[in-house]
Amino acid sequence: MFNFLERRTTLFVYLPLILYWILLFTLTSLPSQSVPSVGVNDKLEHMLAYFGLSFLLYLALVFQKRSIMLRNNAVLFTLLIIFVYSILDEVHQLIVPGRSCEFLDFLADMVGGIVGLLVIKFVIRFYKLKESPVT
């Protein structure tokens, strides 16, 4: 699986991250009345949104080849980027009609980001164990 992703990083790692991030920014830039509710709690929506972002962002950092430091510290940089972006996103929502900047939303973003990171780390470890030769 990882060989496949490594050979097609642009299509299956970078492009999904870019499209997801654009979608996330677009949805948080719309007035709250314009965004259809998916029928779940607001905090759960935040957690799910940042779960996806951290999942995709971590993959992008692991598969990028320009910086060994980024690759070797992908967990730290994923958390740092999620932290900064969630703050900026919450502050940005102050100027969007019907939206607000809430500390609990920020916490939900961070929880979703951490859970997304834990899940992708688990998935990677699972597939690496599965792909390693049995001796």
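Phe103 and Phe106 sit three residues apart in helix α6, about one turn of the helix. Helices here are DSSP runs (H or I, at least four residues), numbered from the N terminus. This is a predicted model, in which local features need pLDDT of at least 70 and side-chain atom pairs count only at pLDDT 80 or more, while totals for chains, interfaces and linings use all residues. Residues are numbered from 1 along each chain as its sequence is written, and side-chain values use heavy atoms, with hydrogens and water left out.

Aromatic pairs come up seven times in the structure. Rings of Phe, Tyr and Trp (its six-membered ring) pair up if their centres lie within 6.5 Å; planes under 30 degrees apart count as stacked, over 60 as edge-to-face and the rest as tilted. One of the pairs joins Phe83 and Phe106, whose ring centres are 5.4 Å apart with planes at 75 degrees, so it goes down as edge-to-face. Because Phe83 belongs to helix α5 (residues 74-92) and Phe106 to helix α6 (residues 103-131), this pair ties together parts that are 23 residues apart in sequence. Phe106 is buried, at 12% relative accessibility, whereas Phe83 is partly exposed at 37% (buried means under 20% relative accessible area, exposed over 50%, partly exposed in between, with a 1.4 Å probe and protein chains only). Phe106 also pairs with Phe103: the centres are 5.9 Å apart and the planes at 35 degrees, so this pair is tilted. Phe103 itself is exposed, at 56% relative accessibility. Elsewhere, Trp21, Tyr50 and Tyr85 make up one aromatic cluster.

Turning to charged side chains, a search of the whole structure picks up three salt bridges (a side-chain nitrogen of Lys or Arg within 4 Å of a carboxyl oxygen of Asp or Glu). Lys43 bridges to Asp42 at 2.9 Å, N to O; Lys43 is partly exposed, with a relative accessible area of 24%, and Asp42 is partly exposed too, at 34%. Lys43 also meets Glu102 in a salt bridge, at 3.2 Å, N to O. Glu102 lies in the loop between α5 and α6 and Lys43 in helix α3 (residues 42-63), so the pair links parts that are 59 residues apart in sequence. Glu102 is partly exposed, with a relative accessible area of 31%. Asp105 and Lys43 come together at 2.6 Å, N to O, in another salt bridge. Since Asp105 is in helix α6 and Lys43 in helix α3, that contact ties together parts 62 residues apart in sequence. Asp105 is buried, with a relative accessible area of 3%. Through shared partners, the salt bridges join Asp42, Lys43, Glu102 and Asp105 into one network.

Technical notes
Helices (H or I, at least four residues) and strands (E, at least two) are DSSP runs, numbered from the N terminus.
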